[in-house]
Each structure stands twice: as structure tokens, then as C-alpha cells.
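Please examine the sequence and the structure displayed below.

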Amino acid sequence: PFKIQNLTFNISMKLHNRVNGRELKAILQQSDEKRTTLSFYKYFHFANPELVRNHLFLTWDKIGVMGRIYIAHEGINGQISIPDARMEDFNASCSELEFMNGTRHNIAIDDDGKSFFKLKITVRKKIVADGLDDSTFDVMDSGKHLSAKEMNAMLAAKDTVVVDMRNHYESEVGHFEGAIRPDVETFRESLPIISDMLAENKDKNIVMYCTGGIRCEKASAYMKHKGYQNVFQLDGGIIEYARQVKEQELVNKFLGTNFVFDERLGERISEDIVSKCHQCGDACDKHTNCANDYCHLLFIQCDNCKSEYENTCSSLCKEYLHMPIEKQIEAGKNKIFNGSKFGKGRYNPKVVGENNLLKA
């Protein structure tokens, strides 16, 4: 057994929520409890991530924290929601943890309190899957952090190249105007691609941004390792940028919606709609996951198509939902639905209304 602040437990204990996910979602939707969604990260050396994980679960589960937290030897990365009535308890618990002291909490911009329905804390090899060998460069030698005001000044400069470090389905619904947006589905894919794309711009200011800043910490250090001298990153990511813009009454240079990895799937930063429904092509920036769990394709769907296709990505998946349960199970084993065949959805204006992959 291990002891942390008078708590004793075995490291092998299975500390997790055992209630069915659908039941928890239903409870959350019916609840009128006020909650605040926030994200945080910290690069910090943990000798025993499993021990930290168990302590956090025991502590935060008691005060009603829900969300997704990753812990590794290199640090912690979390997106959570907290009951407003227990915020003081949460802050007190953080003050007792060395690695949480000084860690910024990025408060969600567009928050209905329905972002997470359970607490899940997982130990991983890395807090962000980047595919890099950290021993080959100094991961702490990251780019210069920019405030929202400094970001706007950089965006106006001629010698600036802006790079979106997120995946295509994130940047599709919202981005800074003129930003390079790699067509990738994972952060791991983006780093070598971006390095090649920027090869002719080593003398320019390279400005990187992401959702909350964590991906840019590693990416900017990697770019400096690759020989780029003038590397910058948006401090706190899009979430902190939006907060500062509002607080300081700055001009908002971010267009559209900020994709988030929780039940909301997005928070609106500006009224601009920069993407289209993947099924009909109408202006839309609302993501959904196909209601057919064997598909579960993440794609953009307008309200009209949501009604017509019953929250599914295609006629095929809609028909599946109307099958008897025994046929659903059999079909799920043998059919190839759009999600497993095409990966995360992409809008193709040339085939919408004809042989669009979502209507196939």
C-alpha cells in the first residue's frame, strides 16, 4: 500500500466509474447543477504516474469532478468540469499538489455545463501522442509565448507564417485567417508534414496555435530543434485567446468555432461559419458522431440533415438503426460503414448530392 496525505490504498485498485455511460449521459442532461468546464496541462516529472492517478481519482471523484485526464511520466493533461458549488474544494485540492501550483486553468468560453458525464483518469506513455523521441531534443526549449494582443500584431506582420497545429476536423470549423492547416487526423502526422511545408520559411516568424496550448509546447520545441529560430506559440491556445479578446476588448481574429474534445464538440468564438454540412453542403459548423455505434463517424451535420438522417451519416447507417436488434448485431460484425471505411468525415463539394461518401 501507498500513503498520500493520510490516504492508504493499493496501487492495483481499480478506481473508475462503473455506471453505464448512457445512463450517466441521461443523468447529466436532466441535471440543473451549474458546472464549469476547464482544461489544464503541465509538463512535470512523475516518478509514479499510477500513484498520482489513483490519488486524483479518490480526491476529485468525491467533489463531483467529471472529465478526461491523462497522466504520464512527462506530466498531466486534463479537460474537466466541476460543480460550481465545489469549486473552492477543487482549488484547495490543487493547492496541495506541487504540480498543480501555477498551472493555468483555461475556462471554457461557450459552456452549458454538459461537457462530461463521468471522471476518467488514464495513465499513458505520453500526455499527447506525438510520435517523437523526446531524448533527441530539449522539450522544454519551446517557442516564445504570445498574448492575444501580441498574436494580433503577429498576424498583421508580413514576415509571419501562422500554423494550425490541430487536426483537419478541428481547423475545418474554425481557424485564424491565412493559417496553414495540414490535412491530418492526428497530431503525430502533422509534425513532419509541417516541418517540410515550412522548409522555405526558416527566416520568418513561425507562429503556432492549438486548442489550449499543450500541442504547441512540444511542437515549437521540435521546430526549434529542426533549425527554426523565430518560433512563437499562442499562450493558452484558442481558449485563452478568446478570453483575453473579450476581457481586453481586442479585435477577434479567430473565425468560427473552436472544436473541443467533450460532449459539446465545439464552442463558438465568432459568428462566422467557415464550414459546410457534409451531407447537403449548406453552411454549418456543428459536429456530430454518427448514431450507429459501429460507424460513429465524426462529421459536420446541419439541423435539417440531422432530422432527415436521424443523427446518422448516411442512408446505410439510418437503415441500420431501424433493424431488429439481432440483425443489428449481425450487420455490425459484417458491414463496412462509412466511419470504418473513410475515417473522420471530410466535405467534398464535387460529390455532394450525388455520390457523397456520407450519402452512399
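The model is predicted: local features need pLDDT of at least 70, side-chain atom pairs count only at pLDDT 80 or more, and totals for chains, interfaces and linings use all residues. Residues are numbered from 1 along each chain as its sequence is written, and side-chain values use heavy atoms, with hydrogens and water left out.

A salt bridge is here a side-chain nitrogen of Lys or Arg within 4 Å of a carboxyl oxygen of Asp or Glu. The count by this rule is 17 salt bridges. One of them joins lysine 218 to glutamate 74, with 3.5 Å between the closest N and O atoms. Lysine 218 belongs to helix H7 (residues 214–225), while glutamate 74 sits in the loop between strand E4 (66–72) and strand E5 (75–83), so this pair ties together parts 144 residues apart in sequence. Helices (H or I, at least four residues) and strands (E, at least two) are DSSP runs, numbered from the N terminus.

Burial is judged by relative accessible area: buried means under 20%, exposed over 50%, and partly exposed in between (1.4 Å probe, protein chains only). Lysine 218 is buried because its value is 2%, and glutamate 74 is buried because its value is 16%.

Lysine 218 also forms a salt bridge with aspartate 134, the closest N and O atoms being 3.3 Å apart. Aspartate 134 lies in the loop between strand E7 (119–123) and strand E8 (144–146), 84 residues from lysine 218. With a relative accessible area of 23%, aspartate 134 is partly exposed. Through shared partners, salt bridges join Glu74, Lys126, Asp130, Asp134 and Lys218 into one network. Within this group, aspartate 130 pairs with lysine 126 at 2.6 Å between the closest N and O atoms, and both residues are buried.

The second largest pocket is lined by 16 residues, and Tyr41, Lys42, Tyr43, His145 and Glu217 lie nearest its centre. A pocket is an open set of points on a 1 Å grid over the protein atoms alone, where a 1.4 Å probe fits, with protein on both sides within 12 Å along at least five of seven lines; lining residues have an atom within 4 Å of a point. Strand E3 (residues 35–43) gives the most to this lining, with five residues.

Isoleucine 325 counts as exposed because its relative accessibility is 56%.
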